[in-house]
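Please open the structure in your viewer and keep the selection panel at hand.

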Amino acid sequence: MLKKIALEKLGDLVSALMEKGPLYAPVKGEKAVDFQEITNPADVILDFYNTAMSPKFAFFPQSEDLIRYRLGKEATESEAVSLDAKPSVILGVRPCDAKSFEIMDRHFLGAGIIDPYWNDKREKTTIIGYAFDPSTAADPADFYNTLGISASDTAGSDIFMIRTDKHLLFKGITEKGDRLLKELSVLEAGSKTDEKTFEDKAKKGGEVKTRFMEIQDKAVAGKLVQVFNNKEFWEKATAACISCGACTFVCPTCYCFDISDETLFRDGVRKRFWDACMFTDFTLEASGHNPRPRIFQRYRQKVCHKYSYHVDKYGCISCVGCGRCTRSCPVNIDIYSIIESASKL
Ligand code: SF4
Ligand code: SF4
């Protein structure tokens, strides 16, 4: 199903989506464009390259309450926080980020135990993907082509959006997407010409080139096992790293979290919040022993987890080449160059 709306009616579309439930879309902040829950349709922008933070927070918030409890003298009463995500929409997700949700599903839904918090939000959310503009060169940090993703890839989206000079075109990719498209009376039906335009633009997106290296999941996973003990390589690659963790927080496929209890008088809440393998105390044990006290060990863990252990456990690389880690690193450490160098050893 193909639908369309004139560009100047974007506000009408945003209002119609807001009536369905919470809407997350790109908004220009002081320093960067990022996804936010929309309260004013005029805040939504579609002229952006990619957001600074990934949209993973919609399913995996930076901080999330799991259990609430009340401390008693004899017993503690507790209750799990109810799962009550409202049907929501994320508008304007770039193809690499849409793909990241499928990768995260393998961990949160496919590892033998379903994470109810992720699942609740994931099931109730419709993702409207948004093709990169084929007339704009890819950011030099991006390498999503290496991971088999194109600038107009529809994988991971429920609806895929392509912008033309005058319109936004929407194609239903999943049943969930088709359902939403049917409900949005603000959209017009696309013509045969619109369908052709959509296909032509999608094809053009396939021609956008990011950095690229030949990579084969199992081969790179095996190579990293061989390189693991090459201390000199890892120390050199990470010499400038200050272990700030920015690269993990912006990453759409990083999912490490910690769990802690916060209690005020007798009321407490157990919550989980993002953590990062780049932090010194991430692996600090109660005994005081830390198996990864050095920065190179922590960065090596990050790279090997994404490109080796994840391949062994879930059958795919846990990276979509979005380039955020490189763009956000204060000392210009680039995971692509590290994988490329390791592959040549
Ligand atoms: S490791 Fe870097 S390039 Fe890969 S998905 Fe994460 S932020 Fe994007
Ligand atoms: S963003 Fe750069 S400096 Fe910070 S932890 Fe990551 S690699 Fe190290």
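What percentage of the 345 residues in the protein is buried? Buried residues make up 35% of them; a residue is buried if 20 or more other C-beta atoms, placed from the backbone, lie within 10 Å of its own. This is a predicted model, in which local features need pLDDT of at least 70, side-chain atom pairs count only at pLDDT 80 or more, and totals for chains, interfaces and linings use all residues. Residues are numbered from 1 along each chain as its sequence is written, while chains are lettered from A and ligands numbered from 1 in the order in which they are written.

Begin with the cartoon view, which shows 11 helices and 12 strands (DSSP runs of H or I, at least four residues, and of E, at least two). Along its principal axes, the C-alpha trace spans about 65 × 60 × 40 Å.

Next, select Leu-23, Ala-25, Ile-90, Ile-128, Ile-159 and Met-161, the residues with the most contacts inside the largest nonpolar core. That core has 68 residues and is a set of buried Ala, Val, Leu, Ile, Met, Phe, Trp, Tyr and Cys residues joined through C-beta atoms within 7 Å. Domain 1 (2-206) and domain 2 (217-344) both contribute residues, so the core lies between them; the domain bounds come from an automatic or database domain assignment.

Finally, select ligand 1, which is surrounded by 13 residues, each with its C-beta atom, placed from the backbone, within 6 Å of the ligand. The closest are Cys-251, Cys-319, Cys-322, Arg-324 and Cys-325.

Key
A residue is buried if 20 or more other C-beta atoms lie within 10 Å of its own, exposed if 12 or fewer, and partly exposed in between; C-beta atoms are placed from the backbone.
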